[in-house]
Each structure stands twice: as structure tokens, then as C-alpha cells.
Amino acid sequence: MIDFAMSKEQQMVRNEVAKLVKGVVVDTAHDMDEERHIPPAAIQKAWELGFSISMIPESYGGFGLKDSPVETALILEELACGDMAFALAVMLPSLFIHPIAEMGTEDQKEKYLPLYCGETYKPCTLAIQEPHVGSDPVDLETTAERQGKAYVLNGKKCFVPGAAKAGHMLVAAALDGENNLFIVSGDVPGMTVGAKEKNLGLYALDTFEVSFKDCAIPMENRLGGEDGCAYDQLIQKSRVAMAAIGTGVSRASLEFVKDYAKQRVQFGEPIVHRQSVAFMLAEMAYEVDAMRLMTWKAASRLEAGKDAARESYLAKLYTGEMAMKVTDYGVQVMGGHGYIRDYPVERYYRNGRGISILEGIATL
Amino acid sequence: MTRPSTRAKKEGLGKNLQTVIAIEELCWGDTGLLLSWPGQGLGNAAIDAVATEEQLERFGDKWAAMAITEPEAGSDTASITTTAELDGEEWVLNGEKIFVTAAERSEAVVVWATIDKEAGRGGIKSFVVEKGSPGFKLDHLEKKLGIRASDTGTFVLNNCRIPKDNILGSSEVKKSKTTAGFKGVMKTFDNTRPHVAAQGLGIARAALEFTKEKLEEVGAEFDYRKSPNNIKSREKDYYLMEANLEAARLLTWRAAWMADNGKRNSMEASMAKAKAGRAGTLLTQKCCDLLGPVGFSCRDLAEKWMRDAKIIDIFEGTGQIQHLIVARQFLGLSSKELK
Ligand SMILES: Cc1cc2nc3c(=O)[nH]c(=O)nc-3n(C[C@H](O)[C@H](O)[C@H](O)COP(=O)(O)OP(=O)(O)OC[C@H]3O[C@@H](n4cnc5c(N)ncnc54)[C@H](O)[C@@H]3O)c2cc1C
């Protein structure tokens, strides 16, 4: 079955997020970026819509609704269209909650989900990426070694969002060459969280380098228990989530310069009357649509419970490339003004760069 | 498959999606061959779209080519100068039509001509000219870069006489600049642009599959789990091509799906063709590049796919014209504002 329409329910969800974005993000995104800070009240407001916990069973504090990767992709696009850093911050707890709910043992679910599925936003996170050239989420340098009744972690992670305040995080590490996730509490000895990172984009998002030196964690903290977890599935979801976010950032740039180009007059006419400008906008328009369709296709496969290795890979690859192109055009359409931080397009451009580079900082 | 639009019309069903999927498969084989398939032509699409019952009876089963382009009128279709004048019970046509697909093989040609030059677009009508009509001559066939299995020819109309009721649509001249008549014919293209896009998908996919196979033979490994930033450049090139093909396909399917669901898809149809035309061209070039000597030699088909793919970005509206259509609609600009 091929269907390109959104269901009523999906439209409703999207509208709800759009309303939130309009209310608490649009007017403040610039300041959040300048001040490198997201007001907790804004995050709490978004949290109350329950995106991260709607699919968690009621017994653990969630809403017990059906898990819908497509719907989550819609939410992420919408949030990221407001502001990418805000989107990542709001959805941060999903990085911990969702893998536990999907792949954790009964004990792990019972122990950890209620901690984070309450009425107030509580940071918890996921550490996948590593600070070296060639960092690859499926070729991890961080290792876990079995020693008696513990696993001992060694290695370095970077770009871990919210690590400083996270009560718990999942850490990706290779155990006998197999990729695994380990539940690590925020105060475990042997783990060091560095200072807040400074990055090209996402100024408002707190991210950190986290290192592990002979960091011993209890045996029962291996996600999924003795059998380990379906690590690749998490990578697939995280790729589709980034694709959705990439679509959102790109759309933000497109929407902004569309209006700008119609109003900006040079040589006696709005610049949008020139083909070289109008064609950039046309290309941006269809590439944003294409990015969204790639995202939806991958998300739909996940929603149907199918393997989406190929689709999620292509979606992230494509949106990564195109987010660069579209947000670059966004700056270009505005000329020198696009370069100035009074306008949001330079922020979209900086943030858009993250789509292809960053792995495992969002999930469905 | 041979006449999807007629059949779809009779059944009252939209079959656009089926059609684009079928076209991709056929063009994976050969686009020139598809264009040489009786009844596949644009002329038939135009007849299906606007013919009366009586005309459908007479021409519905005839393979019809479409002749719009003239030596001095390509992208600017409204500037055609071929004329049609009513003389008693017959139209008399004069002019030259170039680059007509299936010029030789078709049984009839839908010819665009003006019945009132002063009226601009409002004066442009289309006429069904059957082969053998007096004064209708196939002048010559072209040699082309690609799609060589398809015949492309020039017609000369020299006091060419056809019956009065071979005109498609009404013969009334609308004085206003944007007329329903011209728009009606242009609307045919909303439906056919995704079809052309689908042709591009088939060519590109053939090239891509071949390239993948050849690269694997020399040790390339494709593993969708690994980070794209951590792989060899030829593998990344391949993935990017695959992603671009998929993006073009989804835009094409969406446009077709919209047509099937009675949604206006003019902008989306152009998006699909713009993307498929560009992606197919770049992708088949890259395949040749990656294949090295195998991509340059005519022993294999890579060079042919590169030659074939280029036409997708040219006929039925060049890539630039598709961008123009998208830009105007997306930005809400008139053709005066955005030329
Ligand atoms: C193999 C083949 C088969 C064909 N089959 C048919 C057929 O069956 N029937 C038929 O009627 N025609 C057919 N054509 C003609 C085809 O549709 C035209 O070649 C095409 O529309 C472009 O017109 P042109 O060649 O005159 O180029 P021009 O219109 O002269 O364009 C030259 C260049 O200028 C650009 N350009 C033109 N106007 C603009 C603008 N406003 N803004 C920006 N850029 C612009 C174009 O994109 C192009 O790059 C066929 C052509 C080929 C090669």
C-alpha cells in the first residue's frame, strides 16, 4: 500500500506540536542560541505533551499508547523546524526511555522507566559517538569487559547531550566485538563528564565529552540482560530521527527565505522575480519534500515492524547532504544579510551541518 | 499497459501510480523502446484528455505522436507560428514541426497550431493530423545522443488539409491571455511529467544496479549499518546515488498518487521531473566515472544509460522550465513576475 496522505490523527499531532513551537520556540530560538541556554520552563511545557512517554505502558508511568515512529518523525520535524537544539533537548529522555522500553529486561523496565516517565522532565541520555575521525556507531572503540560480577567500561564518548545532569545514560560499547548498551548511573566511579562542549551549531544544547576509565557497572546493567540488545535497531531509529530533524531544519530555512525573497527589492523588483533566486527556492522546496518522503518511508517500515537498515541509512545520508545544500541556499538567497546573526538562516546552516555528522542524539 | 490512460478513463479509475511503476520497469530495459511502443505517446495522452466521443471513436485506437516544437519555438510553446485556417469543411495547416517523437512509426500526429496569431495563447489549438493527409510530409529523421531506438522527425505542413472536426477542443478563440484551451492542453503535461520522470528512474536504476555489481566484483562492500563518514569514497558515491534515486522515485510516486486521488499536482509533477531529470543525468555520469574504462566502452551499457538519461532533463519541458513551474507555484508568482 502506498499512501502519501497524513491521517487525521497524524495531522492533529503535527498541529499540536506546531502550536507549541509557535508559542514557546519561534520567538525565543534566537536568544536561546545566543545565550546557549534553553529555559527549563519551555522544555517542561513541551514535556507535558508527553511525546517521549506516550508509548510507555501506564504501569511504568507512560500513556500506554501505540508506538508510532511515523508520528514521532512528524513531531521531530515540527520541533526542529522551530529550533533543532530545542527539539533535541525536549526529546532527550527518549534516548534512554525508548531503548529500555523496547529492549530492556522486565527488571530493567521496572527499575528505570518510572524514574523518568513522570510529570516533570528529568534528563537521561545515550552515549554513542566517539571523539575521533572515523567514529562509527557500529565500529565502537569503547569497550566493555566482563570482570567477575561486573562489566568494566573503557573509552571516550562525545557529543553526549544532557550528560552533566543525566540521572542515567545508556553507553554503547563493544563486548567481545559485539555492540551492546549499558545502563550507567550518573554518579558511577570511573566516569568523568567534561565541560560543556562548544560546537559549530546547536549552541543552546548542552553536550559533553564523557570518558570511562575502568568504570565498573553491575552485571545486570547490560541492556537486555545476558542476551544483549538489538543495537542495530536503535541505530536505525536514531538515523530516521535525524532525518526527520534534518527535514525540519531545512524547512525552517526554506520558509524564512521564501518570504524574505518576496519582500527584498533590488534593481526595482523583488529579488524572487529573478530566476537564479527563484530556482534556488524551487530546488529547496522539492528537496525538503524529498527529504520528508525519505524519512516517512523509513519510519513507515519501522512502524510496520520491518527492518529498515537500508531505508534509514539512505534517509539519513540524503537528508544530511540536502540539509547542507538547502540551508546553504538559505544563506545565499539573503546575501550578506544571511551571514548576519540577526537572521536565523546562519543558525540553520550551522545546525544543519550536524545532520550527517551526529549519530545517536535522537531516536524515534 | 499499452494504453493506461485510455483504460483508466474508461474504468473511471486513476492508474497513474501503476503507470509510473510500470514505466520505470520498462525503461530499466530501454527507454527508446518504450517511446516506440504504439500508443505510448503524448499525442494519445492529449486525445484521451480532450477528445469528444466521436473523436475517441476515430482516433482512440490510433498511435498518435505530438508535435509542438518548432525551429523557433521550443520552451516557449506559446510562440509557435504554425497556422491553421478554416476553409469550408477543412482546416488548412502551414508550418514546420521538429523533434517529433515517433514521427515515423505513429499513425497520426497531434499538431499544435494557431488559428489567430493576434490572440497569443488563446489562438493555439491542437489538431489531429492523420498520416497520408494531403500536404503532410515527414521531412527527415534525426540522429541523436541517446534513446536511439526511438525515431524523432521533422514534419512539414504545406497547405495540409484535414477535416474540420479534427480539432481537439473548441475552435473558439479566447481573447484573454490565459485561456482554458491552452491550459487544457498544458494540463495533459501534469499527468505525463511524472511518466517522464519514471522513465528517468528506470534508466538510472539500470545504471546503478550494473555499477553496484561491477564494484562488488572488485571488492567494494555495501553495508547499510556503517557510518557514511567512515567508508570508501566509491561506496559513499554509490549510496548517495541510491538515495537520490529513491528521493526522485518518491517525488514521482507522490505526484502520480495525487493525480490518482484527484488532487491538483501540477507543482508536484514538475518537482518530480525536475528531480528525476537532474538526478538521472548526474547519476549516470557518476556511474561511468566509477566504472572507468567499462563506463567509457560501448561493450557495456553504462555509456548508453548516460546518453539516454540526458533526454529526461530536456523533453516535455527542460529542467529549467520545471524549476520555473515549481517556483511560480511555490512562490505564488505570475508568469509576468517570474519569466
Ligand atoms: C529526443 C527528443 C524528442 C522530442 N520529442 C518531442 C515531441 O514528441 N514533440 C514535441 O513537440 N517536442 C519534442 N521534443 C522537443 C523538446 O520538447 C524541446 O527540445 C524542449 O522543449 C526544449 O526546447 P528547445 O530545444 O527549443 O530549447 P530552448 O527552448 O531554446 O532552450 C535552450 C535552453 O534555454 C533554457 N531556457 C529556455 N527558456 C527558459 C526560461 N524561460 N528560463 C530559463 N531557462 C530557459 C532551456 O532550459 C535550455 O537550457 C523532443 C526533443 C528531443 C531532443
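In this predicted model, the centres of domain 1 of chain B and domain 2 of chain B, taken over C-alpha atoms, are separated by 31 Å. The domain assignment places domain 1 of chain B at residues 63-176 and domain 2 of chain B at residues 187-331.

Where the two domains meet, eight residues of domain 1 of chain B are in contact with eight residues of domain 2 of chain B, and the area buried between these two domains is about 630 Å², with carbon and sulfur atoms giving 73% of that area. On the side of domain 1 of chain B, the residues that lose the most area to domain 2 of chain B are Ser75(B), Leu145(B) and Ile147(B), which together account for 63% of what that side buries. The residues of domain 1 of chain B that touch domain 2 of chain B divide into five nonpolar, two polar and one charged. Across this interface the rule finds zero salt bridges, while two residue pairs, both at pLDDT 80 or more, are in polar contact between domain 1 of chain B and domain 2 of chain B.

We turn next to the interface between the chains. The size of an interface is often given as the accessible area lost when the parts come together. For chain B and chain A the buried area is about 3900 Å², of which 67% comes from carbon and sulfur atoms, and the contact takes 38 residues from chain B and 44 residues from chain A. Within the area that chain B buries against chain A, Tyr224(B), Arg225(B) and Phe330(B) supply 17%, more than any other three residues.

In one salt bridge the side chains of Glu242(B) and Arg310(A) meet, at 2.5 Å from N to O. The count of residue pairs in polar contact between chain B and chain A, both at pLDDT 80 or more, is 18.

The cysteines remain to be considered. A disulfide is a covalent bond between the sulfur atoms of two cysteines, and a search of the whole structure finds zero disulfides over all chains. For Cys215(A), the closest cysteine sulfur is that of Cys158(A), and because the two sulfurs are 17 Å apart, they are too far for a bond. Cys215(A) counts as buried, at 0% relative accessibility, and Cys160(B) is buried with a relative accessible area of 0%.

Terms used:
Residues are numbered from 1 along each chain as its sequence is written. Chains are lettered from A and ligands numbered from 1 in the order in which they are written. This is a predicted model: local features need pLDDT of at least 70, side-chain atom pairs count only at pLDDT 80 or more; totals for chains, interfaces and linings use all residues. Side-chain values use heavy atoms; hydrogens and water are left out. Domain bounds come from an automatic or database domain assignment. Contact means heavy atoms within 4.5 Å. Buried area is the accessible area (1.4 Å probe) that two parts lose on being put together, summed over both. A salt bridge is a side-chain nitrogen of Lys or Arg within 4 Å of a carboxyl oxygen of Asp or Glu. A polar contact is a pair of N or O atoms within 3.5 Å; within protein, one must be able to donate a hydrogen and the other to accept it, and residues adjacent in sequence count only if both atoms are side-chain atoms. Ala, Val, Leu, Ile, Met, Phe, Trp, Tyr, Cys and Pro count as nonpolar, Asp, Glu, Lys and Arg as charged, and the others, Gly among them, as polar. A disulfide is a pair of cysteine sulfur atoms within 2.5 Å. Buried means under 20% relative accessible area, exposed over 50%, partly exposed in between (1.4 Å probe, protein chains only).
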